[in-house]
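Work through the exercises below with the sequence and the model open. Each task is followed by a solution in steps.

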Amino acid sequence: MSFLTTKTISLPAIIFCASFFVAPTYAQQIAEPNYDEAKVPEYVLPDPLVAEDGTKIETPEQWRNKRRPEILNLFKENMFGQFPEADLSKVKSEETVSVPDALGGKATRKEIKIYFNAPNEQPQATVLLYVPNDRKGDVPVFIMPNFQGIQTTTDDPGVSAYKVENSTHNLGKSPEETRGLAKSRWAFDMIVSRGYAIATVFYEEIEPDASRNFTQGVHPLFTNYDANADDYPAVIGAWAWGLSRVLDSLENVDGVDTKKAIVAGHSRLGKTALWCGANDERFAAVISNDSGCGGAALSRRQFGERVDRINASFPHWFTKKFHEYGNKVDELPIDQHELIALIAPRPVYVASASEDLWADPKGEFLSALNADPVYRLLGSDGFGGVTEQPDVDTPVGATIRYHKRTGKHDVTNFDWEQYLNFADSIFKK
Ligand code: GCU
(Lines give C-alpha, C1' and ligand atoms only; values in the text may rest on other atoms or scores of the structure.)
Protein backbone atom coordinates (compact mmCIF):
# COMPACT_ATOMS: atom_id res chain seq x y z
CA MET A 1 0.00 0.00 0.00
CA SER A 2 2.66 2.44 -1.00
CA PHE A 3 0.06 5.07 -1.81
CA LEU A 4 -0.59 5.40 1.90
CA THR A 5 2.50 7.31 2.77
CA THR A 6 3.85 8.73 -0.41
CA LYS A 7 2.86 12.34 -0.58
CA THR A 8 3.84 15.16 1.68
CA ILE A 9 1.19 17.87 1.73
CA SER A 10 2.10 21.42 0.94
CA LEU A 11 3.39 23.81 3.57
CA PRO A 12 0.37 26.12 3.43
CA ALA A 13 -1.87 23.11 4.04
CA ILE A 14 0.21 22.11 7.04
CA ILE A 15 0.02 25.62 8.43
CA PHE A 16 -3.72 25.61 7.82
CA CYS A 17 -4.10 22.41 9.81
CA ALA A 18 -1.64 23.41 12.45
CA SER A 19 -3.59 26.52 13.24
CA PHE A 20 -6.46 24.31 14.35
CA PHE A 21 -4.66 21.58 16.19
CA VAL A 22 -1.60 21.29 18.29
CA ALA A 23 1.25 19.51 16.48
CA PRO A 24 -0.89 17.29 14.25
CA THR A 25 1.70 14.69 13.37
CA TYR A 26 -0.98 12.76 11.49
CA ALA A 27 -1.39 15.74 9.16
CA GLN A 28 2.23 15.85 8.07
CA GLN A 29 1.79 13.28 5.34
CA ILE A 30 -1.26 12.45 3.38
CA ALA A 31 -1.70 9.98 0.61
CA GLU A 32 -2.50 10.70 -2.99
CA PRO A 33 -6.11 9.97 -3.81
CA ASN A 34 -6.32 6.38 -4.96
CA TYR A 35 -8.04 5.56 -8.26
CA ASP A 36 -6.70 2.06 -8.61
CA GLU A 37 -9.07 -0.71 -7.55
CA ALA A 38 -6.05 -3.03 -7.21
CA LYS A 39 -4.78 -0.84 -4.40
CA VAL A 40 -7.92 -1.13 -2.34
CA PRO A 41 -6.69 -2.98 0.74
CA GLU A 42 -8.31 -6.02 2.26
CA TYR A 43 -10.69 -4.87 4.91
CA VAL A 44 -13.31 -6.17 7.29
CA LEU A 45 -16.31 -3.98 7.90
CA PRO A 46 -17.69 -3.62 11.41
CA ASP A 47 -20.85 -5.73 11.63
CA PRO A 48 -23.85 -3.52 12.31
CA LEU A 49 -25.58 -6.54 13.83
CA VAL A 50 -22.92 -7.35 16.42
CA ALA A 51 -22.80 -5.07 19.44
CA GLU A 52 -19.55 -3.80 20.96
CA ASP A 53 -19.84 -6.41 23.72
CA GLY A 54 -20.17 -9.19 21.12
CA THR A 55 -23.95 -9.65 21.47
CA LYS A 56 -25.56 -10.72 18.22
CA ILE A 57 -28.42 -8.42 17.32
CA GLU A 58 -31.28 -10.68 16.34
CA THR A 59 -34.46 -8.70 17.00
CA PRO A 60 -35.75 -5.25 16.02
CA GLU A 61 -35.89 -4.42 19.75
CA GLN A 62 -32.22 -5.23 20.22
CA TRP A 63 -31.41 -3.03 17.24
CA ARG A 64 -33.58 -0.18 18.50
CA ASN A 65 -32.58 -0.30 22.15
CA LYS A 66 -29.00 -1.50 22.06
CA ARG A 67 -27.17 -1.44 18.77
CA ARG A 68 -28.67 1.62 17.09
CA PRO A 69 -27.92 3.94 20.04
CA GLU A 70 -24.44 2.43 20.23
CA ILE A 71 -23.70 3.09 16.55
CA LEU A 72 -25.17 6.58 16.74
CA ASN A 73 -22.87 7.33 19.67
CA LEU A 74 -19.85 5.91 17.88
CA PHE A 75 -20.52 8.30 14.98
CA LYS A 76 -20.86 11.17 17.45
CA GLU A 77 -17.70 10.30 19.35
CA ASN A 78 -15.53 9.51 16.37
CA MET A 79 -16.74 11.51 13.44
CA PHE A 80 -19.45 14.17 13.56
CA GLY A 81 -19.67 15.08 17.26
CA GLN A 82 -22.83 15.31 19.31
CA PHE A 83 -25.92 16.27 17.36
CA PRO A 84 -26.19 19.93 18.40
CA GLU A 85 -28.68 21.19 20.92
CA ALA A 86 -29.72 24.79 21.25
CA ASP A 87 -32.54 26.76 22.82
CA LEU A 88 -35.24 26.11 20.26
CA SER A 89 -37.57 28.64 21.88
CA LYS A 90 -35.30 31.25 20.30
CA VAL A 91 -35.61 29.85 16.80
CA LYS A 92 -38.38 31.72 14.99
CA SER A 93 -39.53 31.69 11.42
CA GLU A 94 -41.76 33.90 9.32
CA GLU A 95 -43.02 33.86 5.79
CA THR A 96 -41.67 36.97 4.07
CA VAL A 97 -42.64 36.31 0.44
CA SER A 98 -45.51 34.45 -1.20
CA VAL A 99 -45.97 34.61 -4.97
CA PRO A 100 -48.98 32.56 -6.12
CA ASP A 101 -48.09 32.29 -9.81
CA ALA A 102 -44.49 31.14 -9.93
CA LEU A 103 -43.19 28.66 -12.55
CA GLY A 104 -45.78 29.79 -15.06
CA GLY A 105 -48.58 29.43 -12.54
CA LYS A 106 -47.67 25.87 -11.50
CA ALA A 107 -46.42 26.79 -8.06
CA THR A 108 -46.58 29.18 -5.18
CA ARG A 109 -43.12 30.45 -4.41
CA LYS A 110 -42.43 31.43 -0.84
CA GLU A 111 -39.52 32.66 1.18
CA ILE A 112 -39.36 31.86 4.86
CA LYS A 113 -36.87 33.57 7.15
CA ILE A 114 -35.45 31.61 10.01
CA TYR A 115 -33.98 33.58 12.90
CA PHE A 116 -31.84 31.15 14.85
CA ASN A 117 -31.42 33.39 17.90
CA ALA A 118 -34.49 35.64 17.93
CA PRO A 119 -35.02 38.45 18.62
CA ASN A 120 -31.50 38.94 17.23
CA GLU A 121 -31.39 39.36 13.48
CA GLN A 122 -28.35 37.10 13.13
CA PRO A 123 -27.76 34.34 12.44
CA GLN A 124 -30.58 34.00 9.95
CA ALA A 125 -31.33 31.99 6.83
CA THR A 126 -33.86 32.30 4.03
CA VAL A 127 -35.65 29.21 2.79
CA LEU A 128 -36.86 29.25 -0.81
CA LEU A 129 -39.95 27.06 -1.14
CA TYR A 130 -42.05 26.00 -4.12
CA VAL A 131 -45.44 24.39 -3.45
CA PRO A 132 -47.43 22.96 -6.36
CA ASN A 133 -50.71 24.77 -6.99
CA ASP A 134 -52.39 21.74 -8.49
CA ARG A 135 -52.69 19.59 -5.37
CA LYS A 136 -55.20 17.89 -3.19
CA GLY A 137 -54.28 18.61 0.40
CA ASP A 138 -50.75 18.85 1.74
CA VAL A 139 -47.92 17.42 -0.32
CA PRO A 140 -44.56 15.79 0.51
CA VAL A 141 -41.54 18.06 0.52
CA PHE A 142 -37.86 17.72 -0.38
CA ILE A 143 -35.54 19.71 1.85
CA MET A 144 -32.19 20.16 0.13
CA PRO A 145 -29.57 22.78 0.93
CA ASN A 146 -27.83 24.66 -1.88
CA PHE A 147 -24.19 25.59 -2.33
CA GLN A 148 -24.22 29.20 -3.42
CA GLY A 149 -27.40 31.03 -2.36
CA ILE A 150 -31.08 30.70 -3.25
CA GLN A 151 -30.70 33.17 -6.14
CA THR A 152 -28.33 30.71 -7.85
CA THR A 153 -31.04 28.05 -8.09
CA THR A 154 -33.23 29.94 -10.59
CA ASP A 155 -33.25 32.76 -13.11
CA ASP A 156 -36.37 34.19 -11.49
CA PRO A 157 -35.44 37.80 -10.70
CA GLY A 158 -38.05 37.82 -7.92
CA VAL A 159 -36.03 35.45 -5.73
CA SER A 160 -34.15 37.41 -3.07
CA ALA A 161 -30.39 37.58 -3.33
CA TYR A 162 -28.40 38.06 -0.15
CA LYS A 163 -24.83 38.88 0.62
CA VAL A 164 -23.77 36.34 3.20
CA GLU A 165 -21.13 37.37 5.70
CA ASN A 166 -17.99 35.18 5.54
CA SER A 167 -19.34 32.99 2.76
CA THR A 168 -16.59 31.05 0.99
CA HIS A 169 -18.45 30.95 -2.35
CA ASN A 170 -18.54 33.41 -5.24
CA LEU A 171 -15.94 35.63 -3.68
CA GLY A 172 -15.76 39.00 -5.36
CA LYS A 173 -19.17 38.63 -7.02
CA SER A 174 -22.35 40.39 -6.01
CA PRO A 175 -25.25 38.04 -5.23
CA GLU A 176 -27.05 39.46 -8.28
CA GLU A 177 -24.21 38.35 -10.55
CA THR A 178 -24.70 34.75 -9.44
CA ARG A 179 -28.41 34.52 -10.21
CA GLY A 180 -29.30 31.25 -11.92
CA LEU A 181 -25.78 29.86 -12.09
CA ALA A 182 -26.71 26.56 -10.43
CA LYS A 183 -30.18 26.27 -11.95
CA SER A 184 -29.37 23.04 -13.80
CA ARG A 185 -29.27 21.33 -10.41
CA TRP A 186 -32.74 22.48 -9.41
CA ALA A 187 -35.51 20.79 -11.40
CA PHE A 188 -38.19 22.92 -9.74
CA ASP A 189 -40.61 22.60 -12.63
CA MET A 190 -40.34 18.82 -12.79
CA ILE A 191 -40.64 18.52 -9.00
CA VAL A 192 -43.80 20.58 -8.66
CA SER A 193 -45.29 19.04 -11.80
CA ARG A 194 -44.97 15.66 -10.10
CA GLY A 195 -46.80 16.96 -7.05
CA TYR A 196 -43.98 17.70 -4.65
CA ALA A 197 -42.88 20.79 -2.75
CA ILE A 198 -39.20 21.67 -2.52
CA ALA A 199 -37.41 23.82 0.03
CA THR A 200 -33.81 24.94 -0.27
CA VAL A 201 -31.55 26.98 1.97
CA PHE A 202 -28.01 28.28 1.42
CA TYR A 203 -25.91 26.12 3.72
CA GLU A 204 -23.48 28.90 4.61
CA GLU A 205 -26.33 30.94 6.03
CA ILE A 206 -26.52 28.23 8.66
CA GLU A 207 -22.77 28.36 9.15
CA PRO A 208 -19.89 29.44 6.92
CA ASP A 209 -17.84 26.59 5.48
CA ALA A 210 -14.74 28.16 6.78
CA SER A 211 -13.06 27.46 10.01
CA ARG A 212 -12.65 25.27 12.95
CA ASN A 213 -12.93 27.99 15.52
CA PHE A 214 -16.65 27.36 15.87
CA THR A 215 -17.54 30.98 16.48
CA GLN A 216 -19.55 31.66 13.34
CA GLY A 217 -23.12 31.03 12.22
CA VAL A 218 -25.21 28.91 14.52
CA HIS A 219 -22.29 27.30 16.38
CA PRO A 220 -22.25 29.74 19.32
CA LEU A 221 -25.91 28.85 19.98
CA PHE A 222 -25.11 25.25 20.84
CA THR A 223 -25.42 24.53 24.53
CA ASN A 224 -23.88 22.08 26.98
CA TYR A 225 -20.83 21.09 24.98
CA ASP A 226 -17.22 21.48 25.87
CA ALA A 227 -15.54 23.00 22.82
CA ASN A 228 -12.39 21.01 23.60
CA ALA A 229 -14.15 17.68 23.89
CA ASP A 230 -13.65 15.01 21.25
CA ASP A 231 -17.35 14.95 20.48
CA TYR A 232 -17.91 18.68 20.16
CA PRO A 233 -20.19 19.06 17.12
CA ALA A 234 -18.21 19.95 14.01
CA VAL A 235 -19.53 21.95 11.08
CA ILE A 236 -21.37 19.16 9.23
CA GLY A 237 -23.31 18.68 12.47
CA ALA A 238 -24.20 22.38 12.49
CA TRP A 239 -25.49 22.25 8.91
CA ALA A 240 -27.48 19.11 9.73
CA TRP A 241 -29.02 20.84 12.74
CA GLY A 242 -29.95 23.73 10.45
CA LEU A 243 -31.82 21.37 8.11
CA SER A 244 -33.89 20.21 11.06
CA ARG A 245 -34.76 23.86 11.66
CA VAL A 246 -35.84 24.17 8.04
CA LEU A 247 -38.22 21.27 8.68
CA ASP A 248 -39.55 23.10 11.77
CA SER A 249 -40.06 26.25 9.71
CA LEU A 250 -42.34 24.39 7.28
CA GLU A 251 -44.56 23.02 10.05
CA ASN A 252 -47.41 25.46 9.51
CA VAL A 253 -46.93 26.31 5.87
CA ASP A 254 -50.01 25.87 3.74
CA GLY A 255 -49.79 22.92 1.37
CA VAL A 256 -46.73 21.21 2.92
CA ASP A 257 -46.90 17.88 4.76
CA THR A 258 -43.89 17.82 7.08
CA LYS A 259 -44.61 14.20 7.98
CA LYS A 260 -43.59 13.46 4.40
CA ALA A 261 -40.26 15.26 4.30
CA ILE A 262 -37.21 13.92 2.49
CA VAL A 263 -33.84 15.38 3.39
CA ALA A 264 -31.49 15.42 0.41
CA GLY A 265 -28.02 16.74 -0.28
CA HIS A 266 -25.25 16.75 -2.84
CA SER A 267 -21.63 16.10 -2.00
CA ARG A 268 -20.65 17.67 1.35
CA LEU A 269 -24.33 18.41 1.73
CA GLY A 270 -25.07 14.73 1.01
CA LYS A 271 -22.85 13.89 3.99
CA THR A 272 -24.90 16.47 5.90
CA ALA A 273 -28.24 15.00 4.76
CA LEU A 274 -27.20 11.51 5.89
CA TRP A 275 -26.15 12.76 9.31
CA CYS A 276 -29.30 14.83 9.62
CA GLY A 277 -31.55 11.93 8.66
CA ALA A 278 -29.72 9.57 11.01
CA ASN A 279 -30.44 11.88 13.94
CA ASP A 280 -33.74 13.50 13.10
CA GLU A 281 -36.17 10.68 12.62
CA ARG A 282 -38.92 13.06 11.61
CA PHE A 283 -37.45 12.85 8.12
CA ALA A 284 -39.35 10.13 6.28
CA ALA A 285 -36.48 9.42 3.86
CA VAL A 286 -32.95 10.50 2.96
CA ILE A 287 -31.14 11.09 -0.35
CA SER A 288 -27.37 11.13 -0.68
CA ASN A 289 -26.25 12.49 -4.06
CA ASP A 290 -22.52 11.86 -4.68
CA SER A 291 -21.74 12.27 -0.97
CA GLY A 292 -18.46 10.35 -1.14
CA CYS A 293 -15.88 10.23 1.63
CA GLY A 294 -17.43 10.93 5.03
CA GLY A 295 -20.86 10.36 3.45
CA ALA A 296 -21.95 7.15 1.77
CA ALA A 297 -18.50 5.90 0.65
CA LEU A 298 -16.84 3.24 2.79
CA SER A 299 -13.77 4.69 4.52
CA ARG A 300 -11.99 1.34 4.61
CA ARG A 301 -11.80 1.11 0.82
CA GLN A 302 -9.43 4.07 0.79
CA PHE A 303 -10.47 4.83 -2.75
CA GLY A 304 -10.82 8.32 -4.19
CA GLU A 305 -10.59 11.10 -1.67
CA ARG A 306 -9.85 9.15 1.56
CA VAL A 307 -10.11 10.08 5.21
CA ASP A 308 -6.68 11.63 5.71
CA ARG A 309 -7.12 13.92 2.73
CA ILE A 310 -10.61 15.11 3.62
CA ASN A 311 -9.47 15.96 7.13
CA ALA A 312 -6.48 17.88 5.83
CA SER A 313 -8.54 19.82 3.29
CA PHE A 314 -11.65 20.41 5.39
CA PRO A 315 -10.50 20.24 9.00
CA HIS A 316 -13.71 21.82 10.26
CA TRP A 317 -16.15 19.23 8.89
CA PHE A 318 -15.46 16.46 11.38
CA THR A 319 -14.42 16.08 15.00
CA LYS A 320 -10.84 16.21 16.20
CA LYS A 321 -11.07 12.51 16.87
CA PHE A 322 -11.82 11.69 13.22
CA HIS A 323 -8.51 13.25 12.25
CA GLU A 324 -6.72 10.58 14.25
CA TYR A 325 -8.00 7.87 11.92
CA GLY A 326 -6.48 9.29 8.74
CA ASN A 327 -3.81 6.62 8.44
CA LYS A 328 -5.62 3.91 10.33
CA VAL A 329 -9.14 3.73 9.03
CA ASP A 330 -9.26 0.06 10.00
CA GLU A 331 -9.39 1.19 13.60
CA LEU A 332 -12.54 3.22 13.08
CA PRO A 333 -15.21 1.51 15.18
CA ILE A 334 -17.75 2.37 12.48
CA ASP A 335 -17.89 2.57 8.70
CA GLN A 336 -20.27 4.39 6.45
CA HIS A 337 -22.67 1.49 5.79
CA GLU A 338 -23.65 1.98 9.41
CA LEU A 339 -24.54 5.59 8.76
CA ILE A 340 -27.01 4.29 6.16
CA ALA A 341 -28.18 1.64 8.64
CA LEU A 342 -29.04 4.39 11.16
CA ILE A 343 -31.69 5.55 8.70
CA ALA A 344 -33.36 2.11 8.66
CA PRO A 345 -36.12 1.21 8.17
CA ARG A 346 -36.79 4.54 6.47
CA PRO A 347 -36.12 4.69 2.74
CA VAL A 348 -32.71 5.86 1.61
CA TYR A 349 -31.35 6.64 -1.85
CA VAL A 350 -27.61 6.52 -2.54
CA ALA A 351 -26.58 7.96 -5.90
CA SER A 352 -23.19 8.08 -7.61
CA ALA A 353 -21.86 9.42 -10.89
CA SER A 354 -19.62 7.40 -13.21
CA GLU A 355 -16.88 10.03 -13.54
CA ASP A 356 -16.96 10.96 -9.87
CA LEU A 357 -14.20 8.59 -8.77
CA TRP A 358 -13.20 11.10 -6.07
CA ALA A 359 -16.44 10.08 -4.30
CA ASP A 360 -15.87 6.33 -4.88
CA PRO A 361 -19.07 5.14 -6.57
CA LYS A 362 -18.30 1.52 -5.70
CA GLY A 363 -17.76 2.41 -2.05
CA GLU A 364 -21.08 4.24 -2.06
CA PHE A 365 -22.81 1.19 -3.53
CA LEU A 366 -21.18 -1.13 -1.00
CA SER A 367 -22.40 1.02 1.87
CA ALA A 368 -25.95 0.68 0.65
CA LEU A 369 -25.45 -3.07 0.22
CA ASN A 370 -23.96 -3.57 3.66
CA ALA A 371 -26.79 -1.66 5.33
CA ASP A 372 -29.27 -4.17 3.88
CA PRO A 373 -29.07 -6.71 6.78
CA VAL A 374 -30.29 -4.05 9.21
CA TYR A 375 -33.24 -3.20 6.97
CA ARG A 376 -34.06 -6.92 6.69
CA LEU A 377 -33.92 -7.37 10.45
CA LEU A 378 -36.48 -4.58 10.74
CA GLY A 379 -38.82 -6.35 8.32
CA SER A 380 -37.99 -4.13 5.33
CA ASP A 381 -37.28 -5.31 1.80
CA GLY A 382 -34.05 -3.30 2.04
CA PHE A 383 -32.03 -3.37 -1.17
CA GLY A 384 -34.62 -5.70 -2.77
CA GLY A 385 -32.17 -8.51 -3.47
CA VAL A 386 -29.56 -6.38 -5.23
CA THR A 387 -26.07 -7.80 -4.79
CA GLU A 388 -24.05 -6.32 -7.67
CA GLN A 389 -23.36 -2.72 -8.57
CA PRO A 390 -25.60 -2.02 -11.58
CA ASP A 391 -24.56 -0.63 -14.96
CA VAL A 392 -24.68 3.10 -15.44
CA ASP A 393 -28.08 4.77 -15.56
CA THR A 394 -29.80 1.68 -14.20
CA PRO A 395 -31.54 2.47 -10.91
CA VAL A 396 -31.91 -0.53 -8.60
CA GLY A 397 -33.27 -1.42 -5.18
CA ALA A 398 -36.39 -1.18 -3.11
CA THR A 399 -36.42 0.67 0.22
CA ILE A 400 -32.69 1.18 -0.25
CA ARG A 401 -32.05 2.45 -3.77
CA TYR A 402 -28.96 3.13 -5.81
CA HIS A 403 -27.91 4.41 -9.21
CA LYS A 404 -24.70 5.40 -10.95
CA ARG A 405 -25.50 8.13 -13.41
CA THR A 406 -23.30 8.67 -16.44
CA GLY A 407 -21.26 11.81 -15.99
CA LYS A 408 -19.60 13.98 -13.44
CA HIS A 409 -20.09 15.10 -9.86
CA ASP A 410 -23.37 16.98 -10.15
CA VAL A 411 -27.13 16.87 -9.68
CA THR A 412 -29.01 16.44 -12.95
CA ASN A 413 -32.53 15.90 -14.22
CA PHE A 414 -31.75 12.18 -14.41
CA ASP A 415 -31.03 12.18 -10.69
CA TRP A 416 -34.23 14.10 -9.95
CA GLU A 417 -36.34 11.71 -12.04
CA GLN A 418 -35.09 8.84 -9.89
CA TYR A 419 -35.68 10.75 -6.66
CA LEU A 420 -39.24 11.53 -7.73
CA ASN A 421 -39.86 7.85 -8.59
CA PHE A 422 -38.42 6.96 -5.18
CA ALA A 423 -40.73 9.48 -3.48
CA ASP A 424 -43.72 8.17 -5.46
CA SER A 425 -43.00 4.67 -4.18
CA ILE A 426 -42.73 5.88 -0.59
CA PHE A 427 -45.81 8.05 -0.59
CA LYS A 428 -47.81 5.73 -2.89
CA LYS A 429 -48.51 8.35 -5.47
C1 GCU B 1 -14.62 18.37 -2.20
C2 GCU B 1 -14.50 17.39 -1.07
C3 GCU B 1 -15.60 16.36 -1.08
C4 GCU B 1 -16.94 17.05 -1.12
C5 GCU B 1 -16.96 18.01 -2.28
C6 GCU B 1 -18.21 18.86 -2.39
O7 GCU B 1 -14.40 17.73 -3.42
O8 GCU B 1 -13.24 16.78 -1.17
O9 GCU B 1 -15.55 15.54 0.09
O10 GCU B 1 -17.98 16.12 -1.16
O11 GCU B 1 -15.90 18.93 -2.17
O12 GCU B 1 -18.87 19.12 -1.40
O13 GCU B 1 -18.48 19.32 -3.51
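**Exercise 1.** Does Asp290 count as buried or exposed, and at what relative accessibility?

Solution. The model is predicted, so local features need pLDDT of at least 70 and side-chain atom pairs count only at pLDDT 80 or more, while totals for chains, interfaces and linings use all residues. Residues are numbered from 1 along each chain as its sequence is written, and side-chain values use heavy atoms, with hydrogens and water left out.

Step 1: Buried means under 20% relative accessible area, exposed over 50%, and partly exposed in between (1.4 Å probe, protein chains only).
Step 2: Asp290 has 1% relative accessibility, so Asp290 counts as buried.
Step 3: Asp290 is not a glycine, yet its phi is positive, near 50°.
Step 4: Asp290 sits in the loop between strand E7 (285-289) and helix H7 (307-313). Helices (H or I, at least four residues) and strands (E, at least two) are DSSP runs, numbered from the N terminus.

**Exercise 2.** Describe Arg306 in the loop between E7 and H7.

Solution. 
Step 1: The phi of Arg306, which is not a glycine, is positive at about 80°.
Step 2: With a relative accessible area of 4%, Arg306 is buried.

**Exercise 3.** In what order do the 10 strands of the open sheet stand?

Solution. 
Step 1: Two strands pair if DSSP finds at least two bridges between them.
Step 2: The order is E1-E2-E3-E5-E4-E6-E7-E8-E10-E9, with mixed pairing.
Step 3: E1 (92-102) and E9 are at the edges with a single partner strand each, so one side of each has no neighbour in the sheet.
Step 4: E2 (residues 107-115) and E3 (residues 124-132) run antiparallel and are joined by nine bridges. Thr108 has Val131 in E3 as its bridge partner.
Step 5: The loop between E2 and E3 holds Pro119, and the peptide bond from Ala118 to Pro119 is cis, with omega near 10°.

**Exercise 4.** Which residues are around the ligand?

Solution. 
Step 1: A residue is near a molecule if one of its heavy atoms lies within 4 Å of it.
Step 2: The residues are Phe147, Ser267, Arg268, Lys271, Glu305, Ile310, Phe314, Trp317, Trp358 and His409.
Step 3: A side-chain N or O atom of Arg268 is 2.5 Å from a ligand oxygen atom. For Trp358, a polar side-chain atom is 2.9 Å from an oxygen atom of the ligand, and for His409 the distance is 3.5 Å.
Step 4: The ligand taken alone exposes 320 Å², and the protein buries 84% of that (Shrake-Rupley method, 1.4 Å probe).

Technical notes:
Polar contact = N/O pair within 3.5 Å; in protein donor to acceptor, adjacent residues only side chain to side chain.
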